[in-house]
Amino acid sequence: MIIFSFRNFLFLFLFSILFINIGYAKTIKHPSYVKGQCGACHTTKNGESADLKMEMPELCYSCHTNYEKNDFIHGPVGAGACTLCHNPHESKNPKLLTSNSVNELCTSCHANKGDMLNSGENIHPPVQDSCINCHDAHGEKHLYQLKADRKKDLCLTCHTDKKDKVENSINKHGAIEMGDKCLGCHDPHSSPSTKLLKAEDSKTICLTCHSSQLPRDEDGKMLMNMGEHLTNNPDAHGPVMWGDCAACHDPHGSDNTRMLKHPFPEKSAEKFTTDGYICFQCHEPKKITARFTKEFTEFRNGDKNIHFLHVKTKRISCKTCHDYHASKDLPHHLKSETTYGPAKFSLRFLESPTGGSCNPICHTIRYYDRVEPVNIKTNKKL
Ligand code: HEC
Ligand code: HEC
Ligand code: HEC
Ligand code: HEC
Ligand code: HEC
Ligand code: HEC
Ligand code: HEC
Ligand code: HEC
Ligand code: HEC
Ligand code: HEC
Ligand code: HEC
């Protein structure tokens, strides 16, 4: 006796679905492709003659929307060659297509895009999926038969998080509205680089614009010429050296000052919090917060942390002493020339094997020594 359990039932059910799908891939027939109705398209009722009763594509347009009303018409559609892509009678593929994959169909003519799909480059997922995620096969209001304007609107239909960012960030990026907008930095199909970038890294892209002084949208103040700065200051900070400006900046805009991905004090001095400094995304916060240490920083007098003294106690931002883009001749990305509020001055930093000295305008010359600590009042070794 067969015990007809639910499990058996499920098994049979799934098996039959599989069978139907493999065994009988369904042929879809165009309406009127039926004996006796062939006259809908042919000159004779039963299609004995292949002669069409109207020219192509007018024949198709006698029942279907006329695609030629679009501003941008796809080459073969304009030429009336509907049957290069559709079988007018029947097909096993959806929409009576002559190929079972849209991408195969498109790349049968656009061979360079076929090469692109096979190139091993990073392919934009919707391109891998189907060209008609963005292009209309027939025609559209937008260049290249795209479903929205290519430079930005199209991208934002899917990337809604970026839409929110570019429209609502406090610090917007001029680049988003310049020239080719999103396409200025990204390739819509594929790229040998990550994030579909049009250059090998973000730095190369940023410097195409930031090798001159650009005015800020918010207040018209001129931004530094970063290209020139990097040429004059060859000791580039880690991420800049790797070409990754986007390690710190969000090129799509951000609520933080200077479009940084995490906060950073805007002024020369601000109350210290670990969250307030983007630097701690990569650097150990204890180099600032440990009052006494022999481990976390070299900027110490014996075990007394001088980073703590300046940044935590006096609230002085890293930017007074360090240049996190690039520095010239001092070690540890220390600045030769710096500013504090409106004051411009030189740090006059000198390194010694076990410490160093500084002679800015903030105080008279001061020494620190990790091995033989210096008395700060007398400047003599203890
Ligand atoms: C919706 C319109 C349409 C209907 C309905 C239609 N045909 Fe066709 N038929 C065409 C078109 C368009 C072509 C030309 C195809 C091409 O360009 O290769 C064609 C071509 C043909 C040919 C030439 C050989 C071939 O297959 O390309 C024959 C034979 C034919 N049709 C028979 C029939 C018969 C029989 C029927 C009815 C059972 C029928 N057609 C119904 C549109 C139609
Ligand atoms: C006599 C009217 C008529 C003519 C002429 C005609 N069609 Fe159709 N076609 C229909 C109808 C009705 C349908 C089914 C309803 C629908 O899906 O729009 C259909 C469906 C289709 C579909 C499939 C739509 C789907 O959703 O699967 C395609 C593709 C198509 N036609 C292409 C063509 C092409 C190409 C021509 C010219 C060679 C043509 N048709 C000529 C009436 C016609
Ligand atoms: C380059 C290939 C190509 C050509 C040429 C082409 N089509 Fe299509 N057509 C497609 C694809 C791909 C789809 C499926 C679109 C989808 O699934 O959104 C489609 C869908 C359709 C549909 C179904 C409507 C719908 O929106 O689902 C009709 C009807 C149709 N085509 C008619 C035509 C007619 C008429 C012509 C000639 C004037 C034509 N096509 C020329 C590729 C083509
Ligand atoms: C039968 C061959 C053929 C097929 C299949 C085909 N195309 Fe085209 N496509 C052309 C021709 C021809 C042009 C016009 C080229 C020109 O104007 O230089 C064109 C133009 C284009 C353009 C505009 C390019 C430009 O430089 O203006 C885009 C985008 C495009 N096709 C996308 C597609 C997509 C997406 C598909 C698949 C749905 C597809 N094509 C399938 C032949 C084809
Ligand atoms: C994510 C959206 C998207 C998808 C999916 C997509 N494209 Fe495009 N395509 C674009 C945009 C945007 C442009 C305009 C590029 C420009 O202006 O530099 C374009 C331009 C084109 C052009 C004309 C310019 C050129 O590069 O030759 C062709 C042809 C083309 N696409 C074919 C295809 C084919 C074939 C597929 C599928 C393999 C495809 N596209 C998938 C967005 C897309
Ligand atoms: C049809 C939806 C769609 C459209 C339109 C679209 N994208 Fe995408 N895009 C995706 C999906 C899905 C992913 C993969 C998931 C993700 O990273 O969000 C993706 C990923 C990306 C990535 C990350 C790739 C990586 O290597 O991590 C970039 C960059 C990108 N898209 C840029 C664009 C740009 C620029 C446009 C406009 C030209 C655009 N997208 C249009 C759907 C879309
Ligand atoms: C100034 C150059 C530039 C412009 C303009 C630009 N992007 Fe990007 N985009 C980048 C860089 C650089 C990355 C890599 C970011 C990273 O590594 O964090 C990126 C990453 C992305 C990603 C991947 C997800 C992520 O954040 O890492 C998407 C999606 C994306 N961009 C979409 C867009 C869209 C949509 C537009 C237009 C509104 C646009 N981009 C404009 C440079 C740009
Ligand atoms: C197409 C030109 C262009 C490119 C490419 C470009 N930028 Fe900009 N950027 C501008 C312009 C113009 C401004 C000034 C207008 C504004 O945004 O306030 C600006 C401003 C900035 C600002 C100051 C923002 C503020 O709120 O003060 C930063 C930081 C910045 N860009 C970083 C980058 C980075 C990082 C890249 C590379 C990922 C990059 N930019 C690529 C044009 C560009
Ligand atoms: C380690 C993090 C970091 C990296 C990497 C980085 N930046 Fe910055 N950038 C900052 C910080 C922090 C500021 C804010 C400076 C300030 O407020 O004085 C800034 C400010 C800027 C400004 C505005 C300068 C001005 O005049 O006020 C521009 C432009 C800029 N960066 C471009 C770049 C470019 C281009 C790259 C890649 C070559 C890059 N940044 C890499 C942290 C970084
Ligand atoms: C008052 C000037 C000053 C300020 C402000 C300052 N530093 Fe330093 N920093 C130095 C000096 C001087 C050294 C070199 C110490 C040595 O090796 O003798 C140094 C060294 C470093 C080093 C190298 C490793 C180490 O700790 O010895 C890092 C990383 C660093 N600082 C990060 C920061 C960060 C992040 C900030 C802000 C949160 C900051 N600094 C603020 C002066 C300063
Ligand atoms: C994305 C990671 C990253 C971020 C964010 C970052 N740094 Fe760095 N930093 C590094 C790397 C990697 C090095 C080692 C290479 C070098 O010396 O440039 C380094 C080195 C340094 C040095 C020199 C250390 C030495 O021993 O000489 C200083 C000073 C410094 N960073 C300061 C900062 C400051 C200030 C910030 C915040 C504005 C910051 N960094 C943000 C990655 C980062």
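**Ligand sites and backbone features of the predicted model**

In the site of ligand 11, an N or O atom in the side chain of His283 lies 2.8 Å from a nitrogen atom of the ligand. Pairs of this kind are polar contacts (two N or O atoms within 3.5 Å; within protein, one must be able to donate a hydrogen and the other to accept it, and residues adjacent in sequence count only if both atoms are side-chain atoms). The model is predicted, so local features need pLDDT of at least 70 and side-chain atom pairs count only at pLDDT 80 or more, while totals for chains, interfaces and linings use all residues. Residues are numbered from 1 along each chain as its sequence is written, chains are lettered from A and ligands numbered from 1 in the order in which they are written, and side-chain values use heavy atoms, with hydrogens and water left out.

Two further polar contacts were found at ligand 11. A polar side-chain atom of His237 is 2.7 Å from a nitrogen atom of ligand 11, and a backbone N or O atom of Gly238 is 2.8 Å from an oxygen atom of ligand 11. The ligand is surrounded by 17 residues, of which His237, Cys279, Cys282, His283 and His333 are the closest; a residue is counted here if one of its heavy atoms lies within 4 Å. By class, eleven of the shell residues are nonpolar, six are polar and none is charged. Ala, Val, Leu, Ile, Met, Phe, Trp, Tyr, Cys and Pro count as nonpolar, Asp, Glu, Lys and Arg as charged, and the others, Gly among them, as polar.

The protein chain is divided into domain 1 (21-111), domain 2 (148-259) and domain 3 (274-381), with bounds that come from an automatic or database domain assignment. Between the C-alpha centres of domain 1 and domain 2 there is a distance of 45 Å. The shell around ligand 11 takes at least three residues from each of domain 2 and domain 3. Ligand 9 lies between domain 2 and domain 3, because both give residues to its shell.

Around ligand 9 there are 20 residues, and Met224, Cys245, Cys248, His249 and His325 come nearest. An oxygen atom of ligand 9 is 2.9 Å from an N or O atom in the side chain of Arg258. Two or more residues of this shell come from each of α10 (202-209), α11 (226-232) and α12 (238-241). Helices (H or I, at least four residues) and strands (E, at least two) are DSSP runs, numbered from the N terminus. The shell around ligand 9 holds twelve nonpolar, four polar and four charged residues.

At ligand 6, His124 (NE2) and His159 (NE2) coordinate the iron atom at 2.0 Å. Donors are N, O and S atoms within 2.8 Å of the metal (3.2 Å for Na, K and Ca), and water is not among the atoms, so sites may look incomplete. The six donor atoms around this iron atom subtend angles of 85 to 179 degrees, which makes the arrangement octahedral; the term requires six donors, with opposite donors over 155 degrees apart and all others between 65 and 115. His124 is buried, at 18% relative accessible area, whereas His159 is partly exposed, at 37%. Buried means under 20%, exposed over 50%, and partly exposed in between (1.4 Å probe, protein chains only). Of the 13 residues in the shell around ligand 6, those nearest are His124, Cys155, Cys158, His159 and Lys195. A share of three residues, the largest, comes from α7.

The iron atom of ligand 3 has His86 (NE2) and His138 (NE2) as its protein donors, at 1.9 to 2.0 Å. Its six donor atoms subtend angles of 88 to 179 degrees, which makes this arrangement octahedral. His86 is partly exposed, with a relative accessible area of 27%.

Most residues other than glycine have a negative phi, and most peptide bonds are trans. Lys195, in the loop between β6 (190-191) and α10, has a positive phi of about 55 degrees and is exposed, at 67% relative accessibility. A polar backbone atom of Lys195 is 3.4 Å from an oxygen atom of ligand 6. Arg348 also has a positive phi, of about 45 degrees, and is placed in the loop between β12 (343-346) and β13 (350-352). The peptide bond from Met56 to Pro57 is cis, with omega near 0 degrees.

Technical notes. Four donors count as tetrahedral if all angles lie between 85 and 135 degrees; four count as square planar and six as octahedral if opposite donors are over 155 degrees apart and all others between 65 and 115; anything else is irregular.
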